[in-house]
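Please read this briefing alongside the sequence and the coordinates. The points are grouped by topic.

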Amino acid sequence: MSDRLDLPQGTLDLLILKTLAPGPQHGWAISQRLQQVSKDAVEVQQGSLYPALHRLERRGLVKTEWGASDNNRRAKYYQLTRAGRKQLEVERDNWQRLAAVMAAVLETS
Amino acid sequence: MLSDIRFRMRALFRRNALERELDEELRFHYEHQVEAYRKVGHPPEEARRRARLEFGLDQVKEECRDARGVRWLDESLQDLRYAARTLGKNPGFTAVAALSLALGIGANSAIFAVLDAFLFRPSPLSRNGRFISIATRNDKISGRPISYPNFLDWQRQNQVFERMAAYRISAAVLVDGAGAERVPLLQVSAGFFPLVGVRPALGRDFRPEEHRPGGGAVALLSYELWQRRYNGDPALLGKALLLRGYGPVTAVGVTPRGFRIGPRADLYVSLDRTAARESRASANSLYGLGLLKPGVTLEQARAQMNLIARALEEQYPQANRGWRIDLIPFGRLRNEELRAPLFLLMGAVGFVLLIACANLSNLLLARAAGRGREVAIRKSLGATRGRLVRQMLAESLLLAALGGAAGALFAYWGCQGLLQLVGDLDQWPGGEPLGGIGIDLRVLGFTAAAAILAGVAAGLAPAFRASGRDLTAELKQSGPAAGGRKQERRWRDTLVTLESALALVLLAGGGLMMRSLYHLMSADPGFEPRRVLTLSLESATLARNSTAERKDADELGRRLVEEIEALPGVEAAAPAFPAPFGHGFSGNTFYAEGRPPADDGRLPEARMHYVGPHYGRAMGLRLRAGRWFAAAETGRAAVVNERMARLAWPGENPIGRRFSLGGAKPPWITVVGVAADTRENGLHSDPGPEIYMPISFSADMLVRTAGDPAAMAAVIRNRIRGVDKSLAVYDVAPLAVRMSDSLLEDRIFAWLLGIFAAAALCLAAVGIYGVIAHAAGKRTREVGLRVALGARSSDVALLILRQGMAPALAGIVLGAAGAWGATRALASFLHGVTPTDPLTFAAVTLLLTAVALAACWIPARRAMRVDPAGALRYE
């Protein structure tokens, strides 16, 4: 596990929002997707995924709905709200600016 | 934000559904995980194991619950449920604790309801604070009534008030064919009704010319009088009513139902019509009202009125020196006189609540002590101290909530009882508060605040004590604590001391007021009030303006006395002006012939009593020298009291000496008798110089009867109507009743303080008993051991008594010292007893000591009966 990154504080929320951008997903799919896009570099502790989802719901950034999954089981789907989309934009910008600044600072000798 | 609240609400109220959903969601995830492991080749058992390892279901659930953000609330609900269960298991404890709190909170709320109604609650007429009471003040007193000329000048000169008006509280006797009745009356200036914002429900307001001298005399009636006396007959308007003291007035309007501006009034007549000649210096009996112009603040108004007052002070130094204009938000002016007693009562009930809190605190401590192991186990399982404190506070707060709810009920009853006790609120200064006295939202808010405060105050110390215990020591102990909790015992002793001290202060206060009341009721008034009937008479046709009319009235008076005295069962009858314990006083200055005048040229004053020749017999006055005058000596002879005799002719025989009234000039009046000093001017005031002069007729009469005076009322009334059937007889009451009525304030105050002191005594007794019973219970084993080793039962009793009485006695001593200082606040309410009356202090100290002893005695006796064998096996 040593080659895997620990997620800095707050980034999990951003990753979840990003994952949900294309459309509604249930929890399991979100975790799979996260692992997939990060090429397994990011291991989302499953214990932290669900509390994060509930927190996002409380903040009104995602909403939930029960629906049928691929194998026709009841699953709870998460979906971005309008506030969630806005938040995604804002946090993405913030993150990119921060990353650029960090890179610039670290580059200078 | 909104979604947040919605989410939390859902989390709170649909917890079970949410838990199910959470469970389902996580299971779904878990099963997919297992499936994933199986797909990569793990056997089912291994796949499940791995998934479980990765995904600690319970921990995730707990974290999700946290994420819902209602954990704090959730736990609080848990605490409350737990507290409710524990309290439910101990109904006796719960009842005692809640009841003592309810007593304290209820008493506080009831008194607060009165205090609020009289002193704090904004008046419903306040019009956003623009409605102002206008009075006068000097360096010492404020809120004093004003004179008519000053009012007119203020009204003319100010630019801060949109309107201004004045009124005088008065009374008049309404006479017609149906009889006579004394009714409360308001003299109002022009613009009074528009200012107050009231239009007559029937008829019309005063016309401008009706406010001018010589204008038509008209009156508005209250809706209530119109209904009661005239059955709501609209034909009354335009008819003349005879008002004794005002002459005939024409009824022109009826005020709306329930209308009042403070003191109740049944009639409204013009002030301006008759007040034009009133003096600036005296006749200070008006209250002003003003409506501030929009945008003018009270401060600005005060500044301008101050300037006006200064200018008038220079212009009329004699009348106005030192007097300023007092502007007070409407509704606050009234009842300055009630402020001190109400705050005193509030302080007293505050003490009662403090005692109740100390009691509850003690009870909780006792229980906390028994729960040491439970607390220790919870702690070892990871509960933080804060969590434990919260849990225990939940219990005391729940008790406080119970106490508060019951307290609100007590307050309701208390208010009802109080109003019953007070009777007619209009006899109080300022009358009944607008909006009435009762349990409203403000009072309920106060009740809730008091309950929460009491709950926290009582619960905090026990909660901290209980949660702060040493873990291992607690768990190691084999049974209930064996000593070692010195600190806790000290704390509980302190509470007992506090309770006893507070109770003693209240007892001293209540005792002093009771003594004072007893003194007022039992001290020799100087006359014989039993078997005396007082009555008033009035007639529509009776006039006393011309000499001839006065002669007729005198003749009528003589015949009335003759006829009434001829009745069997009547011993004497006499007209009297003013009637003792009636509606006013009469005073005059006197000059004793031949005496040099005082340095400042002022003549001494005496109270005047114009009475019939049989007045001495009717009242039971004691004649010290000389004789009573005869009817024929009107204007020439007088009886003076001893004080007057000493003042005017010190060391000399006053009989035969002469004096004059209102100045050192004839006519001279000869003293024919000296009567003993009396308190017929009021039981509260010491007798001053009094002069009795003959009169033949007065609207007020006294009749001494052989038996029950009330039983004679009908016979006497009939005989009076027999003499002149136009005479209406009203205000018929035994003199003793009138005297007793004059003590109403004292009685209420003494009763309330007495009741609160009794409540404090009961609560303190319960508290002491609770502590001692608990402590004695703890020492059962020790007692058993002592008995086994040969201690006598009296030794055992002494042991328990000493433990209980030590803190109680400390409290009693402390309380006596505190009361010594505190009762000073009562000084102005006490008559015939000093604030530090040794007898009262000794009595209440003894009483409290006896009650404390009794409270300790029960547990002590129980300890005496301990069976040593049983006690040693115990635990």
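A residue is called buried if 20 or more other C-beta atoms lie within 10 Å of its own, exposed if 12 or fewer do, and partly exposed in between, with C-beta atoms placed from the backbone. By that criterion B:Arg531 is buried, with 20 other C-beta atoms within 10 Å. This is a predicted model, in which local features need pLDDT of at least 70 and side-chain atom pairs count only at pLDDT 80 or more, while totals for chains, interfaces and linings use all residues. Residues are numbered from 1 along each chain as its sequence is written, and chains are lettered from A and ligands numbered from 1 in the order in which they are written. Helices (H or I, at least four residues) and strands (E, at least two) are DSSP runs, numbered from the N terminus.

**Backbone with positive phi**

- B:Arg531 has a phi near 60 degrees, a positive value in a residue other than glycine, and is placed in the loop between helix H18 (486–522) and strand S11 (532–539) of chain B.
- B:Asn231 has a phi near 55 degrees, again a positive value in a residue other than glycine, and is located in the loop between helix H9 (223–230) and strand S6 (240–244) of chain B.
- B:Asn231 is exposed, with 8 other C-beta atoms within 10 Å.

**Helix H7 of chain B and its packing**

- Helix H7 (residues 148–157) and helix H11 (residues 298–315), both of chain B, pack at an angle of about 130 degrees with their axes 10 Å apart, where axes are lines fitted to C-alpha atoms, for helices over the stretch in contact, and angles run from 0 to 180 degrees between N-to-C directions.
- H7(B) and H11(B) are therefore oblique to each other, given that angles under 35 degrees count as roughly parallel, over 145 as roughly antiparallel, 65 to 115 as roughly perpendicular and the rest as oblique.
- On the side of H7(B), the contact is made by B:Asn150, B:Asp153, B:Trp154 and B:Gln157, and on the side of H11(B) by B:Met305, B:Ile308 and B:Leu312, two residues being in contact if their C-beta atoms, placed from the backbone, lie within 7 Å.
- The buried residues in H7(B) are B:Tyr148, B:Pro149, B:Asn150, B:Phe151 and B:Trp154, and the elements against which the buried residues of H7(B) pack include strand S2 (161–176), helix H10 (272–275) and H11 of chain B.

**Strand S12 of chain B and its partners**

- Strand S12 (residues 570–577) of chain B is mostly covered, with 6 of its 8 residues buried.
- S12(B) pairs in the antiparallel sense with strand S20 (residues 700–705) of chain B over 5 bridges, where two strands pair if DSSP finds at least two bridges between them, and B:Ala572 stands opposite B:Arg704 in S20(B).
- S12(B) also pairs in the antiparallel sense with strand S14 (residues 605–611) of chain B, over 2 bridges, and here B:Ala576 stands opposite B:Val611 in S14(B).

**Cis peptide bonds**

- B:Phe577 and B:Pro578 are joined by a cis peptide bond with omega about -10 degrees, and B:Pro578 lies in the loop between S12 and strand S13 (587–592) of chain B.
- B:Pro666 and B:Pro667 are likewise joined by a cis peptide bond, with omega about 5 degrees, and B:Pro667 is found in the loop between strand S17 (658–661) and strand S18 (669–675) of chain B.
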